[in-house]
Amino acid sequence: MAVRPSLLALPLIALVAGTAPAAVSPEQKALEARFDAGISSADQLEWLKRMASAPNHVGAPHNKANAEASVALFKSWGWDARLETFSVLYPTPISTTVELIAPDRIPLGGQETAVEGDATSRKLADALPPYVAYQGDGDVTGDVVYVNFGMPADYDHLKRLGIDVKGKIVVARYGAGWRGLKPLLAQMHGAIGCIIYSDPAQDGYAIGDTYPKGGARPPQGVQRGSVMDMPIYPGDPLTPGIGATEGAKRLTRETAPTILKIPVLPMGYGDAEKILSRLGGPVATGAMRGALPFTYHFGGDGGVQLRLAVKSEWKQRAIYDVVATLKGSTLPDEWIVRGNHHDGWVFGAGDPLSGNVAMLSEAKALGALVKAGWRPKRTIVYASWDGEEPALLGSTEWAETHAAELQKKAVIYINTDGNGRGFLGAQGSHGWQHLVNRVAEDVTDPETGASVADRLRANIRADAADGTGRSDPVALAAAEKGADLPIGPLGSGSDYTAFIQHLGIPSINLGYGGEDEGDGVYHSAYDSFDHFTRFDDPGLLYGAALSKTAGRLVLRIAEADTPPVRFADFATTVGRYFDEIRKLADDRRGEDGKRGALLADGSYRLASDPLKPLGAPETLAATPHVELAVLANAVDRLKAAATAYDAAYASKGAALPAATRTQLNAKLRDIDQTLLIAQGLPGRPWFRNSVYAPGRLTGYGAKTLPGVREAIEDRRFDDANAYARLTAEALTRYAQRLEEARALLPAG
């Protein structure tokens, strides 16, 4: 899935003064220098070429061979490595059909064509055709309606135009929301089928030269993906909450709530143009039209008909996780878990193998340190997951199977996915934000020679001066002062999901990007070794940078007497999220009042063009005052507890007696699990984190303090009140744990 982490495109947090961190010791610096010496871009290039030489979808022989080869590599480097296998429901397409029926009969779809200079694009005999996983098989024919991005606001606009998608096939473009929401919302509105296509406005010639001249998506390039309803729960659809082992109790396919009911297929803009250019009906203008060279219409008038048919083989298939361990010397029951997946939609050179080979490079360097006599204090677990692309299968099933042990032992989960070229991005649990920044100070950007952190600060400042970027005053102030840069919250879209959202294990997601062109072949047959080494990361220089970044995080946490968390960063972030929620509720009340007045005085009717009528929006119940006082009090207590603990630890933490440190580490190791709400979020109990979640209607994008925020957005005001209390209780548990930890430290 490879959601690109970014420090620039995510919600920002306020600066935290905090306490001065302990300097990295000379011994730690020497250890990291030896680690760096073991990182090799040449190794990564060799592994990438081999691993991306054949299709790597779930069930592909080459995907399993890559897993087996990875186990052999880990063992050769001194790791205790094995394959861990799970049995999951996975649909393999038997046939896919898209055909324009009227006004002309034109066959569409099919496999992507070979591209000059891309060796593997001629090796598609064993690749699956363009499709999306966990759609609902079917054979339907119907009128076509263009629904823009297929998000809720688009359906609201169609309703005002008098267009109903019931009984029709919708065509939605990628963007503005997660892929799986587009057919889900179509299904909810009564559509019988869905096409999702890549519009050149977001993904094609409007962005840059198309492949092979440039890296952007060519007209025949198709973005595959999953449309499983993962905002309910990820992983095997038949075993929610438990590992998909051979003897697990399973739902039936018909009762699994995350599998869609209507047929869905993806499409390139070359084929979509043949459908959209023929549509009549009202004109789509402004932000509702893409970049194809004609006037966009919504259709729905019966002039264009399409046949859409998908037939799949639904069966249990084995997936193969690679799990490798270096046992800790003094704290073997405290684990640092590090992961990246190895399965792809086709060859998967960028997503995920660029990140996977960076992780292998770390493992080789760590193994060399062990062979030279070093042992980590804490246990290090490296995992190369299978089945991430269709549903986060390998990581979710492993986390659910080992849930009790992970909640007892895991200190943190560190994730990467596809990598690129450019700037470091990071998302994660905000108590670890300062550590990410310290590491970024100590990693050199391979193309400029500056530190990764300094280059990112320069980018923020230059974009603000030029007016070309997001000139957030908080980020800009941090960049100008040389202070910590903010990281973003975690939603979903990669293998950290089960760890942070379900088990309450703090997580970090890392990657480089912003100057590569990998998005132009995302999830297509052209995500190849040739494309990646030409347009995304020539020489895998940033692959080595990623290894040095993630590897430093692993080493510093593994060797720390107490894991380097700065709790005030987390508390300040939560405070900012609370301020956003309070403002959201206030803004909604104001908007409701204005809309009600316009409806009452007939303004919408008078404003509508009589020749192109646009109906009034629906009347909505007014937003009441949500009971946020209890949450405000919990946020205040959290801030006070975090500030007091950080100050006390900075003053007295370096010289704790061994027994006290053992007590302190035990008190803090599972503190993030206090943020879990036992009954989960409304309508989706698998997601239990009270601070971070993927949005129900954003999929990948994070919703913060989600039980309250989404309830206000969705006008579920009883839920908003209930989850304000439940979230306050979670934050209070966290604050109380910090207070107990503070009490273990010497006074004064």
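1. Helices and strands here are DSSP runs, numbered from the N terminus: H or I of at least four residues for helices, E of at least two for strands. The model is predicted. In the loop between β4 (138-146) and α4 (152-161) sits Asn148. Asn148 is not a glycine, yet its phi is positive, at about 55 degrees. With a relative accessible area of 4%, Asn148 is buried.

2. Leu540 is another non-glycine residue with positive phi, here near 50 degrees. Leu540 belongs to the loop between α15 (529-536) and α16 (541-559). Its relative accessibility is 1%, so Leu540 counts as buried, the cut-off being under 20%.

3. A cis peptide bond joins Ala102 to Pro103, with omega near 10 degrees. Pro103 is in the loop between β1 (80-102) and β2 (106-108).

4. The peptide bond from Asp351 to Pro352 is also cis, and omega is near 15 degrees. Pro352 is placed in a helix, α7 (residues 349-371).

5. Helix α21 (residues 706-713) and helix α22 (residues 717-744) have axes that come within 8 Å of each other and cross at roughly 165 degrees. The pair is therefore roughly antiparallel, as angles over 145 degrees are classed that way. The α21/α22 crossing is left-handed.

6. Which residues of α21 and α22 meet? From α21 they are Gly707, Val708, Ala711 and Ile712; from α22 they are Phe717, Asp719, Ala720, Tyr723, Ala724 and Thr727. Sorted by class, this contact has seven nonpolar residues, two polar and one charged.

Notes. Residues are numbered from 1 along each chain as its sequence is written. This is a predicted model: local features need pLDDT of at least 70, side-chain atom pairs count only at pLDDT 80 or more; totals for chains, interfaces and linings use all residues. Side-chain values use heavy atoms; hydrogens and water are left out. Axes are lines fitted to C-alpha atoms, for helices over the stretch in contact, and angles run from 0 to 180 degrees between N-to-C directions. Angles under 35 degrees count as roughly parallel, over 145 as roughly antiparallel, 65 to 115 as roughly perpendicular and the rest as oblique. A crossing is left-handed if the near helix is turned anticlockwise from the far one by less than a right angle, and right-handed if clockwise. Contact means heavy atoms within 4.5 Å. Ala, Val, Leu, Ile, Met, Phe, Trp, Tyr, Cys and Pro count as nonpolar, Asp, Glu, Lys and Arg as charged, and the others, Gly among them, as polar. Buried means under 20% relative accessible area, exposed over 50%, partly exposed in between (1.4 Å probe, protein chains only).
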